[in-house]
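Please look through the sequence and the structure shown here before reading on. The report takes a few places in turn and describes what was computed for each.

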Amino acid sequence: MHQTHPIRRGSARTRARRSLAALAATVLAAGTLVGCSSDDGPAPTVDAFLSGWGKGDLQAVGFVTPAGLKVPAADVTRQLRELADTPPVLRRTGDPKVDANVATAGIRVAWALPGGTRWEYDRQVRLTTGDDGQWRVIWEPQVVHEQLTDGDRMALRRDAAPRAGVLDGAGKPIVTPRPVVRVGLQPSEVTDAKAVARQLDAAFRAVRPAITPPVDLTDLPKRLADADPGAFVEVVTLREEAYRQIRSRIYDLPGTKFRAEKLDLAPTREFARAVLGSVDQAQADDLAAHPDRYRQGDLVGHGGLQGRHDERLRGTPGLTVISERAGPDGTVAPTGTELFRQEPKPGQAVRTTLDVATQNAADAALRGEKRRAALVAVRVGDGAVLAAANGPGAAGENLAFTAQVPPGSTFKMVSALGLLDRGAVTLDGPVACPKTFTVDGRSFKNSDNFALGTVPFRTDFAKSCNTAFAALAPKLGPDGLAETGRALGLEAEWDLGLDAFTGKVSADGSPAEQAAAAFGQGTTVVSPLAMAAATAAVARGRWEQPKLVVDPAPAKAAPAGPQLKPESVEPLRTMMREVVTAGTATALKDVPGGPVRGKTGTAEYDDDPAHTHAWFVGWQGDVAFAVFVERGGSSGSSAVPIAERFLRLAAS
């Protein structure tokens with residue numbers, strides 16, 4: 001794919017061609033000199049010519065043809081303007097050499113091409129002096145370039161570079177050529193356009209949205225009526241698996257035609273969409289913001305990794321300067337002569353840690369969730385992000401990384417670790433769980449107003465008793481919760497190759513604020529990624545920054561956190577297992593793949609207790625994960641079922 005643009009001003013051509021203002025440069029030459037006699041030598045005339053060329057005013061210079069005929073300066077100015085829209089940088093490379101009435105001066109020609117490309121070469125200017133003693137430039141197009149002839153014009157052809165891909169954790173391209181089927185209609189064979197449109201619509205609605213977008217057939221009858229009878233009027237392009245689902249319903253419809261092809265696609269339509277971003281033809285705002293970088297028809301990354309690393313992925317376009325000439329009918333065509341060529345430089349791949357099987361499981365687990373939701377999975381061993389899924393309701397937003405929402409009772413994982421570190425509680429030490437608990441006039445209660453009485457702390461944790469944690473908040477002190485959160489990576493500055501919110505933990509609040517923060521309310525806000533990373537730290541025994549992009553390596557990756565105290569983290573792991581075996585997430589106790597440890601969470605997000613987000617954080621084997629459902633209500637009815645689907649799919 002290439003594009004050609006003239007290097008000249010005032011073209012009368014009507015086809016899409018644009019002048020290259022990027023060739024503009026400042027002429028570095030002496031000021032205009034007038035009246036350069038043979039006694040002065042040819043140097044002042046050469047300097048006047050170079051300066052006048054840059055200024056577009058050659059009236060101070062005399063010109064003759066190689067045959068000795070005088071050429072008006074205005075004609076030379078016009079020819080130079082037709083050759084190139086704006087001048088290169090010109091400089092004399094030495095004193096002219098004189099032989100009788102002929103002189104030769106060396107000049108350096110330097111063009112500034114788009115993308116910072118420099119094109120430089122040496123030429124010679126010939127001069128002659130006549131009976132009047134004046135030096136004149138012998139004008140010919142070869143002064144500009146040795147391969148130019150009369151009538152030639154210079155143009156720039158731009159050749160797009162092959163775009164590189166985003167790779168998964170195994171180093172394989174996530175986006176690769178995959179089979180598709182273009183479904184179309186031939187108007188001459190369609191007997192009832194409205195009926196066919198209805199039948200196609202019914203078939204397309206039966207396809208899972210994960211593998212094909214909604215298809216609008218409202219204008220299909222009009223498109224058929226306006227098209228040539230034998231045309232292929234495309235209706236939709238389906239992934240092969242989607243086509244197979246409905247082939248029997250559409251194959252024999254009157255006028256249907258099918259074309260098998262391959263397109264560059266991710267494993268599924270939904271595969272890590274917000275993380276990967278998209279690649280589309282350059283949009284109006286792209287062209288306006290970067291006129292020197294993009295041209296109409298260029299592929300540009302938008303959002304996610306494609307947008308963040310667009311320059312690396314897209315490579316460097318190739319540039320070829322060619323000569324063109326107008327024919328008798330005024331049509332301009334290339335002469336076949338190349339004056340300069342720079343080959344395209346292919347883009348460089350971006351390698352991630354994403355695991356295809358884990359990502360597919362995460363996407364599928366969220367598939368039926370109409371509310372905004374996210375699921376992040378992190379490898380415990382090294383912090384690699386294996387999956388980052390956003391439910392259909394997220395509409396392209398990367399909630400998995402950038403949501404800023406209260407964590408609810410999942411934050412009891414952090415509070416419990418802080419309390420254990422300070423010796424304020426033990427696994428089996430008795431802690432009261434009343435129905436309500438009041439701090440500075442603010443009353444706190446448990447979900448569904450339950451009370452446990454005085455029970456072992458492990459039971460308060462497994463059953464998610466808010467009042468117990470509110471009562472224990474003073475033992476953390478004004479900054480203890482934030483301090484423990486920082487040990488689990490919250491509030492740190494991360495660099496993983498894509499924007500991520502690392503959390504903000506409540507600190508130095510009033511007694512009531514401290515009580516609320518102890519069970520994930522108050523002013524504390526987190527992202528699903530931040531909570532998945534904190535959960536992985538508990539499983540690992542030390543926080544490691546999550547890793548998403550490994551090549552190019554992040555420039556400012558955060559250092560590892562301190563080693564967590566075994567005497568604190570081991571009881572916490574025990575309690576997180578009991579959440580699954582005897583607490584608020586028993587739906588997960590029989591999932592395949594080994595024991596699950598975790599914590600549920602229901603987080604109020606406004607002043608109405610009925611308005612809550614739903615959470616689950618946990619780990620199984622070497623995979624830690626966080627599930628978030630915006631306005632999901634009870635975690636047991638939304639987040640936990642999603643976690644169960646994810647774990648069962650990941651194990652299958």
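What follows is a description of a predicted model, arranged by topic.

## The disulfide

A search of the whole structure finds one disulfide, and the two residues that form this disulfide are cysteine 433 and cysteine 465, with 2.1 Å from S to S. The pair connects distant parts of the chain, 32 residues apart: cysteine 433 belongs to strand E21 (residues 430-433), while cysteine 465 sits in the loop between helix H13 (457-462) and helix H14 (466-472).

The disulfide is right-handed, because the torsion about the S-S bond of cysteine 433 and cysteine 465 is about 105°.

Serine 638 is found in the loop between strand E28 (623-629) and helix H19 (639-651). Since buried means under 20% relative accessible area, serine 638 counts as buried at 2% relative accessibility. A polar atom of the side chain of serine 638 lies 3.1 Å from the backbone oxygen of serine 634. When the neighbours within four places in sequence are left aside, the residues in contact with serine 638 are Arg371, Ala614, Val629 and Gly632.

Threonine 176, by comparison, is part of a strand, E11 (residues 176-185). Is threonine 176 buried or exposed? Its relative accessibility is 19%, so threonine 176 counts as buried, given that the cut-off for buried is under 20%. Apart from neighbours within four places in sequence, threonine 176 is in contact with Leu263, Asp264 and Leu265.

## The cavity

Rolling a probe the size of a water molecule over the atoms shows where empty space is left. In this model, the count comes to one cavity of 30 Å³ or more, and the volume of the largest cavity is about 70 Å³.

Which residues line the largest cavity? The lining is made up of Ala473, Leu476, Gly477, Pro478, Leu481, Ser506, Ala507, Asp508, Gly509, Gln514, Ala517 and Ala518. By class, the lining of the largest cavity divides into seven nonpolar residues, four polar and one charged.

## The second largest pocket

The second largest pocket has a volume of about 860 Å³. It is lined by 33 residues, and the closest of these to the centre of the pocket are Asn466, Gln521, Thr602, Glu604 and Thr612.

Strand E23 (442-445) and strand E26 (596-604) are the elements that give two or more residues to the lining of the second largest pocket. Which element gives the most to that lining? The answer is E26, which contributes five residues. Sorted by class, the lining of the second largest pocket holds 17 polar residues, together with eight nonpolar and eight charged ones.

Terms used: Residues are numbered from 1 along each chain as its sequence is written. This is a predicted model: local features need pLDDT of at least 70, side-chain atom pairs count only at pLDDT 80 or more; totals for chains, interfaces and linings use all residues. Side-chain values use heavy atoms; hydrogens and water are left out. A disulfide is a pair of cysteine sulfur atoms within 2.5 Å. Helices (H or I, at least four residues) and strands (E, at least two) are DSSP runs, numbered from the N terminus. Buried means under 20% relative accessible area, exposed over 50%, partly exposed in between (1.4 Å probe, protein chains only). A polar contact is a pair of N or O atoms within 3.5 Å; within protein, one must be able to donate a hydrogen and the other to accept it, and residues adjacent in sequence count only if both atoms are side-chain atoms. Contact means heavy atoms within 4.5 Å. On a 1 Å grid over the protein atoms alone, a cavity is a set of points where a 1.4 Å probe fits but cannot get out, and a pocket is an open set with protein on both sides within 12 Å along at least five of seven lines; lining residues have an atom within 4 Å of a point. Grid points are joined across faces, edges and corners, and a volume is the space filled by probe spheres set on the points. Ala, Val, Leu, Ile, Met, Phe, Trp, Tyr, Cys and Pro count as nonpolar, Asp, Glu, Lys and Arg as charged, and the others, Gly among them, as polar.
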